[in-house]
Structure formats: C-alpha cells, structure tokens
Amino acid sequence: MTFCVILIAMKPVFTRTPTFKDCPTHYCPGCGHGIAHRLIAETIDELGIRGRTIGIAPVGCSVLAYNYLDVDMVEVAHGRAPAVATGMKRTNPDKIIFSYQGDGDLAAIGTAEIIHAAHRAEQITVIFINNAVFGMTGGQMAPTTILGQVTATTQRGRNARSEGYPLQISELLAVLPGAIYVERCALSSPAQIRKAKKAIKHAFKLQVDGADGLSLVELLSPCPTYWRMSPAKAMEWLEKEMTKSFPLGCLKDVTRGP
Amino acid sequence: MNERVLMCGNEALAEAAIIAGCDAYFGYPITPQNEITAYMSRRMAEEGRVFVQSESELAAINMVFGASATGKRAMTSSSSPGISLMQEGISYLAGAELPAVVVNVMRGGPGLGNIAPSQGDYFQATRGGGHGDYRTIVLGPWSVQELVDCMPLAFDLADQYRMPVVVLADGILGQMMEPIVFQKKPGRELPPKDWALTGAQGREQNIVRSLWLVEGVLEELNYKLQAKYEQIQKNEVLCEQYEVDDAEIILVAYGIAARIVRGAVDKARQEGIKVGWIRPITLWPFPTEQISKAAEQFRIFLTVEMSLGQMVEDVKLVIAGKAPVLFYGRPGGGVPTVEEILDKIRQLTIRKSKIKIKCKM
C-alpha cells in the first residue's frame, strides 16, 4: 500500500528536453555529439529561445544535426558557418544564431572564416567540437590531432616536422578583441560535462543579452571509432592525454573581471 | 526619381539594387568593380541596411547564403577571379534553392589575367559554374541603363524561382558613365518565403539544406530543378533583334560587344550590305527560338565576343548545322573595334556567295 502512495507522489525530475528530438541518432556508440546536442538543447529550452534560434550545421558527422535539434537550421559548406552566421545575424539581429562545427570544419578549411567572424566581433555563438580527427571521411588527421596520434593519414603517428603541431584554436581566438568569451571543456565525465553545460549556457546567454562579440566553446569530444578504443577508454584518453595538448579552462571572458 | 543622372555602371547598379530593396550587400575588393563595394558601404549605411566587407569572396558568397536563407534580398559583386572563388557558394545556393544576386564585372583571364574588360566567363556563368547539374539565370546588359534595369529584374527572378541570378557585366560597363533614369517599376507578384529561417515560433522547423543521402531523393531534387529551369526557358527569355528580316549576314553578340557590333552593322548597312544583329539579353535562358527562326532562311551567322569563342558554341548548337556559324573575337582583355568587325562583314559578303554554292551541291 505504501509503495503505491510513493508511486503516485513521484513526478519526473529528468525528461527529454523538447528541443532534442525524440529519435535515434546515427552517431557511433560513445560519440560525444549526442552529449553536446543535449547540452545545447537544454540550454535553448532553459533560456526559452527555441522560437527565435537558428542553428548552422557543418559538414562532418554532425551534418544531420537538424534531424536532432528542433530549431530552424541550415546546412552549409564546409567551414563556412561563421560567414553564413554573419549574414544571418547582421540581417536578423533579434535572432539567436549559433554554429556547430567540428575540427575539420573550424580548424582546417574554415579557419579564415572563424578568425574573421571573431575579428569583426560578430554577435554569434560557436560550439566547436574537437575530437582530434576527421570522423565523417574515415579518420584522417585533423589540425587538432595530437603528436604521435595514429590516423588514416598519419599512419606512423603525427610528426611535428612533417605535420606540424596540434592547432589550439581557443588560444588563437582569445587574442582577438572581438572574441569576448572563449572556453575549452571536455565531454569526458559527468563533472566535466556539467562544466561544459555551464560554458555553453554562458555562451548562449551572452548573445541573448546582446553582448558585443563572439562566444566560442571548444568541447573536447571522444571518437571511439577512429581513436580505435572502447567508449570508456576513449573518455579516459580524452581526459588524460588530449587535455595535455588542449588544456581545459576559460581562456577569456570579458564579462568576468581579471 | 525620374530625373536623368550621369553615373558609372558600377555605382548605378549598386543604387539600382538599393532601390530594388536589397537588404544586404557582402563583397570583397577586386578591380574593376571596387566602386560597387565603396558605394554600397556608404549608401547601405545611409539606408540602415547591411553592408559587410568580407575577408574573401568565399566568405562573401556564404554571407549572401546566410542572409538569403533567412528570407532577405542579398547580393554580392566581384570580378572573374573572385567569381571563381564563389562557385562553391553558388552551387550550394542552387542546391538549397536560395535566391541571390551575383554581379560579375568580367576582366581578362585566365588566372590573375588583367583588369581590362572581357567576356571570358560566359561558359562559367551559363553552365552553372560550380559543381553539379544546375543553372543560374544570366543577364547580359549592354548599357548602363540596361544594367540598372537588370537589378530589380534579377532580384525578382531570384525570388520567384528560388535560385541565384548572375548579372554579367564587364570592365567597360562597370567604368563607363552614361545618362540613366532610375525608375521604380512595379515588380512581379512573388510567392511568400514560407521556407525561410525566421525562428520556428508557432510552426515546424524549417531546414535549408542541399545534402540528400537517401537513395533517389537527390535525383528527385535534380528533376525538380530541371522542371524549374524548363519553366524559365519558356517564360523568361529576353532578346533583341535588329534588321534581320532581309539580312544575309547576322551578327550575334551580347553586352558591350553588342554595342560595338551595332556600330559596325550600321556602317555596313550604309555600304549596302544586308546585315542585321541578334542580341541575347538573357544568356541563360538562351534565346534558342529567335536564333533558330533566323536560321530557317539561309544566311551566315557571325558571333562576336570578347573571348576565344564561348557563346558561339550555343549559337552553333541552336542552329544545328542549318547555316554556317563563324566567330570573331578578342580574348584576354582585348576589345574589338567597329572597323575590325566591319572588315569581317565585308569579307563575308565575298565569301557568302562561295559558301552558298558549296552548300547547294
């Protein structure tokens, strides 16, 4: 009898957040995209901006992000999202514009576009998924692949002499006055994911409040398939190894004092 | 607004775009169209509209893509090498069915080329230009007035058919000054942009995309585009003819080359030569009917272009062997003179009788 009373008194404390569509995704087991999508969806719902948010999907594993996030979305050419976002935000200043880009998209082909969007202080939010590899096309080296990492195009491990060093986008962008908030987080454990959520929410809230510049949150994300690890091992490797090349933390926030 | 003003082509087309309701201009400096970016930077600010000098032509066309996806009238301008950079974006605009206006003030090529006028981008403009099976509407004005009149037409066509429209000018048209009138004529009735990304308040999400992985879906999209293109070919051809009825020689030219051709044809007529001209104004859709009809009677066609011969291929295709199609042109920034063309016409009057005899055998 007591048991029944408890059941009736229960109410849900954790549900699907409406902006995250109720459908299976195509992502690999252990992929970080699912986590990142959820954090963004929660942020959009908590801020109540679903009706005026427009998202930009990249070229990469998350090209179909519009199948999972229930907001107006556009799919754009590889790397061009910050330029598309510029066109959208300048002509629609009241809308919340965000781009969601991988490391090939943002740190390889699209590096000019992200730097100049930040340089022009475009009032947009950029979510940068860094999984140190080109996933969609079969695990090639990305600019963010770490030294020694074996990929389809660095089969003896990334070598600084011939392939250069991993590219630290957040550090690069933090130097620009137009980039007002830059933080790097990891999707490797509940504690880190909670921090990532805070960062994402801050990045969106800045745009909602009309802040005068670009916000970027870099999310170190696991790719078990092309790191050739189990999902659990991938999370470990991310937190132990990747963070050595990509230190976590807030690189810049003009809204918080020194 | 109906007063006559003296303006150079570049600035005139910019003003015409503003009158036509251009919401946003995104561009990068390149000669010989820098007057457009400078003029737009001042006038768009005055009108409270959007101007961004982008970091590259790659970025500019993508900014157009973004603004267009939200339902705004957006345009860019560039010249040949910059237009090459924009081809990726133009293909995406076509695939995503987004309206846009792209002005190409052609210069000599290939490569860095020079800054002299040219018509060397005809192939690029009329065959889509980027990857995939698509077309853009291409307008080829021949005067600053016609360039001005092309702008509202370009925006209307882009919105009506949801595709990029290229306005093909050249270094002479861009720089030359002619007296013009800005007339705000009533535009066409246009469908509502219910596909635009405006925030999904109170409706299902809108998605603007060009990737269709499921088998058969992309094929369907291509047929849909083709149906659209067939409509355009039926309804939107613009072409001008002059003295073709009794002509034994017909010159075919567009843009600034047609201005020079007109001068040569007038002089030839004075010498008693039966010559006329056909001037395509829409380069795509190409005036196949008009040229085909002109070829029903036996005459010689001479295509004149500022290139090694690009539109001449379309003329040949349309005429399909019914009559000889010859070419005269100057590439790499060269501009033919009235005398050169007149000379060619004179040579043809001698050859024509020989050709006629050959064909009868």
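This is a predicted model: local features need pLDDT of at least 70, side-chain atom pairs count only at pLDDT 80 or more; totals for chains, interfaces and linings use all residues.

Because an α-helix has 3.6 residues a turn, residues three or four places apart point the same way.

H9(B) covers residues 255–270, and at 1.5 Å a residue its 16 residues should span 22 Å, which agrees with the 24 Å between its end C-alpha atoms. The helix is followed by B:Gly272, whose phi is positive, near 90°.

Five strands of chain B form an open sheet with mixed pairing, in the order E10-E12-E11-E14-E15. The edge strands, each of which pairs on one side only, are E10 (239–242) and E15 (325–329) of chain B, and neighbouring strands of the sheet are turned against each other by 20° on average, direction ignored. Within the sheet, E11 (residues 249–252) and E14 (residues 300–305) of chain B run parallel and are joined by four bridges, with B:Ile249 having B:Ile300 in E14(B) as its bridge partner.

H9(B) packs on this sheet, where it touches E11, E12 (275–280) and E14 of chain B, and its direction makes about 165° with that of E12(B). Helix H11 (residues 311–319) of chain B lies across E11, E14 and E15 of chain B, running at about 155° to E14(B).

## Two domains of chain B

Chain B is divided into domain 1 (4–235) and domain 2 (240–360), whose C-alpha centres lie 29 Å apart. Their contact takes 26 residues from domain 1 and 22 residues from domain 2. On the side of domain 1 that touches domain 2, H5(B) gives the most, with four residues, and by class the residues of that side divide into 14 nonpolar, ten polar and two charged.

## Where chain B meets chain A

Between the chains, 34 residues of chain B are in contact with 29 residues of chain A. Elements of chain B that each supply at least two residues to this side include strand E2 (24–27), helix H4 (80–96) and strand E9 (207–208), while the largest share, eight residues, comes from H3(B). By class, this side of chain B has 17 nonpolar, twelve polar and five charged residues.

Strand pairing also crosses between the chains, as strand E2 (residues 72–75) of chain A and E9(B) pair in the parallel sense over two bridges, and A:Val74 stands opposite B:Val208 in E9(B).

Technical notes:
Residues are numbered from 1 along each chain as its sequence is written. Chains are lettered from A and ligands numbered from 1 in the order in which they are written. Two residues are in contact if their C-beta atoms, placed from the backbone, lie within 7 Å. Ala, Val, Leu, Ile, Met, Phe, Trp, Tyr, Cys and Pro count as nonpolar, Asp, Glu, Lys and Arg as charged, and the others, Gly among them, as polar. Two strands pair if DSSP finds at least two bridges between them. Domain bounds come from an automatic or database domain assignment. The expected span of a helix is 1.5 Å times one less than its number of residues. Axes are lines fitted to C-alpha atoms, for helices over the stretch in contact, and angles run from 0 to 180 degrees between N-to-C directions.
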